[in-house]
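Okay, thanks everyone for coming.

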Amino acid sequence: MPFPELNLSLGLTDNDGSVFYAGSGEGKVIVKTDSALKKHSINITISEQEVGSVYLNTHLKDVEIPAEIEIPVYQMIVTDDKTNEKEIYKVTRDTFFYKQQTKKKGLWSFLGLKFLAPNNFLFENIPFEPLKEEMEIYEISKYRKLDQDKLTYTFQKGEQNIQLFAGDINTLKVEKGISYFVVVDEKKGQRFIGDILYREKFLKLTPSVKLHIIKRRRVSKEMETDKKGQANKLIYI
């Protein structure tokens, strides 16, 4: 078990009334005057900068509905107030749920042969954005959970529930009422998990974790996909 880090300061005294006075005219005595524990913070910032896309499992059994859908990912920065080391990741900011099946309008529809028109699929987005400020800070409400190469942080602010997840992106079972931010990297979240474990070990005391979320200018309300799950159109609020 690592020893807690002590924030020690040194002081001098020539006051014979002080408990640190050595006596016999010895005025310059170095003493330890502060043994307060110093706790560090890990800071996670999710930006509004879009940096690509990723395919997510829809977890739907209907063969008509795409097994995966393509959604955008955004830049996420992780640092701490002791090492100041910065790492950059990709993260999802949207949670899409299947809404309905649609027919794509085109030549077949114009000719009255709607049964030949290709099927499209409409997914509704449950977005999470700061309500008041351009950037809001959320304190962790539960200590991180590490289980079988998956790491989860849970944040809460008022009635807003947020889950930051790292691991195999297609093992996540989404639930309504929770906003998910899923860390995406080439090792199925393992680089992020290793980064967090390294910082925790280096910071010694269990660090506080703060999630900074920057508000986006445009948020997609719905997404239309084809049978392969590729996004044909994003409908913005």
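So, how many bridges join strand 10 to strand 11, and do they run parallel or antiparallel? There are 5 bridges between strand 10 and strand 11, residues 179-184, and the two run parallel. For pairing, DSSP has to find at least two bridges between the two strands.

Before I go on, the housekeeping. This is a predicted model, where local features need pLDDT of at least 70 and side-chain atom pairs count only at pLDDT 80 or more, while totals for chains, interfaces and linings use all residues. Residues are numbered from 1 along each chain as its sequence is written, and side-chain values use heavy atoms, with hydrogens and water left out.

The overall picture: the protein chain has 2 helices and 14 strands. Those are DSSP runs numbered from the N terminus, with helices being H or I of at least four residues and strands being E of at least two. Of the 237 residues in the protein chain, 40% are buried. Buried means under 20% relative accessible area, exposed is over 50%, and partly exposed is in between, with a 1.4 Å probe and protein chains only. Taking contacts between residues at least 6 apart in sequence, 60% join residues at least 24 apart; contact here means heavy atoms within 4.5 Å.

Back to strand 10, residues 160-166. Here 6 of the 7 residues are buried, so the strand is largely enclosed by the rest of the structure. On the strand 11 side, Phe165 has Val182 as its bridge partner. Strand 10 also pairs with strand 9, residues 151-157, in the antiparallel sense over 7 bridges. In that pairing, Tyr153 stands opposite Leu164. Strands 9 and 10 form a hairpin with 2 residues between them, and Gly158 in the turn has a positive phi of about 65°.

Now, the core. Which residues touch the most other members of the largest nonpolar core? Out of 24 residues, those are Ile44, Met76, Leu164 and Phe192. Helix 2, residues 190-203, is one of the elements that give two or more residues to this core, and strands 3, 4, 9, 10 and 11 are also among them. Helix 2 gives the most, with 4 residues. By nonpolar core I mean a set of buried Ala, Val, Leu, Ile, Met, Phe, Trp, Tyr and Cys residues joined through side-chain atoms within 4.5 Å. Take Ile44: leaving out residues up to four places away in sequence, Ile44 touches Met76, Tyr153, Leu164 and Phe192, among others.

Next, the aromatics. Rings of Phe, Tyr and Trp (its six-membered ring) pair if their centres lie within 6.5 Å; planes under 30 degrees apart are stacked, over 60 edge-to-face, and the rest tilted. By that rule we get 6 aromatic pairs. In one of them, the rings of Phe128 and Phe181 have centres 6.0 Å apart and planes at 85°, so the pair is edge-to-face. The pair links distant parts of the chain, with Phe128 in the loop between strand 7 and strand 8, and Phe181 in strand 11, 53 residues apart. Both Phe128 and Phe181 are buried. Ring pairs also bring in Tyr138, giving a cluster of Phe128, Tyr138 and Phe181.

Now for some charged residues. Is Asp80 buried or exposed? Asp80, in strand 4, is buried, with a relative accessible area of 2%. The Asp80 side chain reaches the backbone nitrogen of Lys82 at 2.9 Å, and a polar contact of 2.6 Å joins the side chains of Asp80 and Thr83. A polar contact is a pair of N or O atoms within 3.5 Å; within protein, one must be able to donate a hydrogen and the other to accept it, and residues adjacent in sequence count only if both atoms are side-chain atoms.

His40 sits in the loop between strand 2 and strand 3. At 4% relative accessibility, His40 counts as buried, and the side chain of His40 makes a polar contact with the side chain of Asp81 at 3.1 Å.

Last stop, Lys99 in strand 6. At 41% relative accessibility, Lys99 counts as partly exposed. Leaving aside neighbours within four places in sequence, Lys99 is in contact with Leu122, Phe123, Glu124 and Glu222.
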